[in-house]
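Colleague: I have not looked at this one before. Can you walk me through it?

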Amino acid sequence: MNTAAKISSEKIFPKRRSYRSCPKNKCNCAVCGSKLKVIKEEFLTSKLVYIPEQLKMREFYRTVYKCECCDKKGEDPHIVKSENPTPAQVIPKGLPDQTLVADIMQRKYQLGTPLDRQEKYWAAQGVYLSRTSMANWVIEGSKWFEPVIDMLWKYSYKEPVLNADETTSRTLKTDKGKKIDKLGQMWICSTGRAAKKKIAIYEYRDSRTKAVAEELYYGYTGILQTDGFQSYGSGSYTRVGCWSHARRKLIDCIPEKHKKSKAAIAVGMIDKMFKYEREARKEDYSDEQLLEMRREKIAPLVDEFYKFIDSLHPGNGSHLAEAVNYARNQKAALTVFLNNPLVDMSNNLAERTVKPYIIARKNFLFSCTEKGAHASAAVMTIIETAKRNGLDVYGYLLHLLTELPKYGHTPTREQLEALMPWSDSLPDFCKKKYSQVESVTIPEMSLCKAKV
């Protein structure tokens, strides 16, 4: 059920109880004829009821006064207007308010419903919302997130470990209407498993070059965990490799049903390393215990693995040659984790961060313009960061789209801190599911006169 429907159901339709009483002719005792007395209500079952969503038109009015005495005398009447009740607008002079924009964003990027399907859905409800208009609303609404995302980047740079990855993102044309022939890239930055602040950031760029990596991570001096992509090779950070990528390249070399091949032997060694790592995580080892385990059990396996890899001489151009060369070239980056408990063996955290975008992309396929691609990155950042901090996605989107327009495009640091996903000052409808909130009030709804 959509969150907007939950708000309505809780405010208008709290838990309803259905009773069935005996007919009057059966309310007397069959033995003595006396009237039967109710002694209890017997619970039978519960059913979840769906209440269709509603769209309402909110109209804002204010009172205007004038001096009738001056008017009768032919003088310019003194005009006084009451305060404007219209809240800060997400889309200046636009039709939707923050509740609708937040819903469109959630449907597209979290629930995987592209705008053309949303258009058809609302048309079936008797409301015409064009996909072009909704696209513009998402673009304009996402601009309010920019100062929050800048703050998320600053917090990310304070973390000792970041996980990075990238995936393709097709954009049809530039903002000036020129056709784009090459694939763009969605770059992903995630704070590490042991991070104090749980953050996932998406950034759209038109290329996958080294210059983009240098721009995104300029000045970062911690550890950046990536795959073997060479664009991450420069910077003030320490680059760490991913054993899952090394393993996958070897998996691709194993002939079908050939468990004793050279590649299969190498994969078996890596699997033993991951097994020790999983057991340590399951037992919730301290940093000291984790380092001790890695030095005693995993380090010998790493030495054994590289002795085996160095003994192989696969043919040039073969899949095995590619896998062996990858392992050899990445050795320095792949062994950093042995001496740092904050570093994982794999970059799977970044890949799990990429996955929600890939799933959404399979539905909306492309962005029409670069503005749309940047908007996708901004909304995905807010949604995935909210999820990592245990927030209700719609509630957090709604809260940001309500508060940020009040502050303008240059909010103060204090105002931004109150909007961070880990802030204690967030309202209950951000921190809990709507079904857990006793009384939910849509922001500013009391100021309007609504007509269905």
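What follows is a short chat about the sheet, some helices and a few single residues.

Modeller: This is a predicted model, where local features need pLDDT of at least 70, side-chain atom pairs count only at pLDDT 80 or more, and totals for chains, interfaces and linings use all residues. Residues are numbered from 1 along each chain as its sequence is written, and side-chain values use heavy atoms, with hydrogens and water left out.

Colleague: Fine. In what order do the strands of the open sheet come?

Modeller: The order is β7-β6-β4-β8-β9, five strands with mixed pairing. Strands here are DSSP runs of E with at least two residues, helices are runs of H or I with at least four, and both are numbered from the N terminus. Two strands pair if DSSP finds at least two bridges between them.

Colleague: Which strands stand at the edges?

Modeller: β7 and β9 (238-240) do; each has a single partner strand, so one side of each has no neighbour in the sheet. On average, neighbouring strands of this sheet are turned by 25 degrees against each other, direction ignored. Axes are lines fitted to C-alpha atoms, for helices over the stretch in contact, and angles run from 0 to 180 degrees between N-to-C directions.

Colleague: Is β4 parallel or antiparallel to β6?

Modeller: Antiparallel: strand β4 (residues 161-169) pairs with β6 over eight bridges, and D165 stands opposite I188 in β6. β6 also pairs with strand β7 (residues 200-205) in the antiparallel sense, over six bridges. There, C189 has I201 in β7 as its bridge partner.

Colleague: And how many bridges join β4 to β8?

Modeller: Three, and strand β8 (residues 223-225) runs parallel to β4. V161 stands opposite I223 in that pairing.

Colleague: Back to β6. How many of its residues are buried?

Modeller: Eight of its eight residues, 184-191, are buried. Buried means under 20% relative accessible area, exposed over 50%, and partly exposed in between, with a 1.4 Å probe and protein chains only. Both faces are covered, with G184, M186, I188 and S190 on one side and Q185, W187, C189 and T191 on the other.

Colleague: Which helices lie on that sheet?

Modeller: Helix α13 (residues 348-364) packs on the sheet and touches β4, β6 and β7, its direction making about 25 degrees with that of β4. Contact means heavy atoms within 4.5 Å. Helix α14 (residues 370-388) lies across β6 and β7, at about 170 degrees to β7.

Colleague: New topic. How do α8 and α11 cross?

Modeller: The axes of helix α8 (residues 243-251) and helix α11 (residues 319-329) come within 8 Å and cross at roughly 165 degrees. That makes the two roughly antiparallel; angles over 145 degrees count as that, under 35 as roughly parallel, 65 to 115 as roughly perpendicular and the rest as oblique. H245, A246, K249 and L250 in α8 meet L320, E322, A323 and Y326 in α11.

Colleague: What about α8 and α9?

Modeller: Their axes come within 9 Å and cross at roughly 155 degrees, so α8 and α9 are roughly antiparallel too. The α8 residues that meet α9 include W243 and R247.

Colleague: Where is S261 found?

Modeller: S261 is in the loop between α8 and α9 (262-282). S261 counts as buried because its relative accessibility is 9%. Leaving out residues up to four places away in sequence, S261 touches I254 and P255.
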